[in-house]
Amino acid sequence: DRQFDPPEGARYVDTLNDYVIMAGWNDYDFRWSINGTADAWPTDYTLSVQRDGGKIVGLKVFGRNLYIFKTNNIEIWVNAGATTWQRQTIIERGCLSPWSIVQANDEQKRSSRKKTNTMTMNETPIQMVCFPRRVLGFRM
């Protein structure tokens, strides 16, 4: 049954709370598997990020949160039960490519040679290393 197949062409994969989460088969959606298995992917287990934040360029779990990196911002989602997730917050900083996302020393980072910013999300300090985004009109 195609309804339970994983999304074809997904480029970003991570796990959280026994769910496998995928994104990158299109620009705005992510999907998660049935809890405890990577074999069942109901199509109604799919959500969309806000389109005004740009396209998805990466996905990473940090702590108990799902970070969805996009070209103009980062959306942070939390699992709210077996069949749904909730957007917790949006960080108004974007990311140009999946290769600039780095997780090191239990900190989520966007790598670069230019600037380092530290912010706090849910009382957890997160150090962000950022490349200035003059091309898209964003500057740190």
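This report describes the strands, sheets and aromatic pairs of a predicted model.

Residues are numbered from 1 along each chain as its sequence is written, and side-chain values use heavy atoms, with hydrogens and water left out. Because the model is predicted, local features need pLDDT of at least 70 and side-chain atom pairs count only at pLDDT 80 or more, whereas totals for chains, interfaces and linings use all residues.

## Overall composition

The protein chain holds zero helices and twelve strands. Helices (H or I, at least four residues) and strands (E, at least two) are DSSP runs, numbered from the N terminus. Of the 140 residues in the protein chain, 42% are buried, where buried means under 20% relative accessible area, exposed over 50%, and partly exposed in between (1.4 Å probe, protein chains only). The protein chain exposes about 7500 Å², and carbon and sulfur atoms supply 45% of that area; accessible areas come from the Shrake-Rupley method with a 1.4 Å probe, and for residues only the protein chains shown count as cover. Among contacts (heavy atoms within 4.5 Å) in the protein chain between residues at least 6 apart in sequence, 37% join residues at least 24 apart.

## Two open sheets

Strands of a sheet pair through backbone hydrogen bonds, either parallel or antiparallel. Here two strands pair if DSSP finds at least two bridges between them.

Strands β3 and β4 pair in the antiparallel sense over three bridges, and the bridge partner of F30 in β4 is L47.

An open sheet of four strands also has the order β5-β6-β7-β8, with antiparallel pairing. Strands β5 (56-62) and β8 (85-91) are its edges, each pairing on one side only. The twist from one strand to the next averages 25 degrees here. Strand β6 (residues 65-70) pairs with β7 in the antiparallel sense over four bridges, and the bridge partner of L66 in β7 is W77.

## Aromatic pairs

A search of the whole structure finds seven aromatic pairs. Rings of Phe, Tyr and Trp (its six-membered ring) pair if their centres lie within 6.5 Å; planes under 30 degrees apart count as stacked, over 60 as edge-to-face and the rest as tilted. Two of these pairs are set out below.

| Pair | Centre to centre | Angle between planes | Class |
|---|---|---|---|
| F30 and W77 | 5.0 Å | 70 degrees | edge-to-face |
| F62 and Y67 | 5.9 Å | 75 degrees | edge-to-face |

F30 lies in strand β3 (residues 29-32) and W77 in strand β7 (residues 74-79), so their pair ties together parts that are 47 residues apart in sequence. Both F30 and W77 are buried. In the other tabulated pair, F62 counts as buried at 9% relative accessibility, and Y67 counts as buried at 3%.

Ring pairs also link Y19, F30, W32, Y45, W77 and W85 into a cluster. Within this cluster, Y19 is found in strand β2 (residues 19-23) and is buried, with a relative accessible area of 4%. Y19 and T37 are 18 residues apart in sequence and 7.1 Å apart in space, C-alpha to C-alpha.

Methods
Axes are lines fitted to C-alpha atoms, for helices over the stretch in contact, and angles run from 0 to 180 degrees between N-to-C directions.
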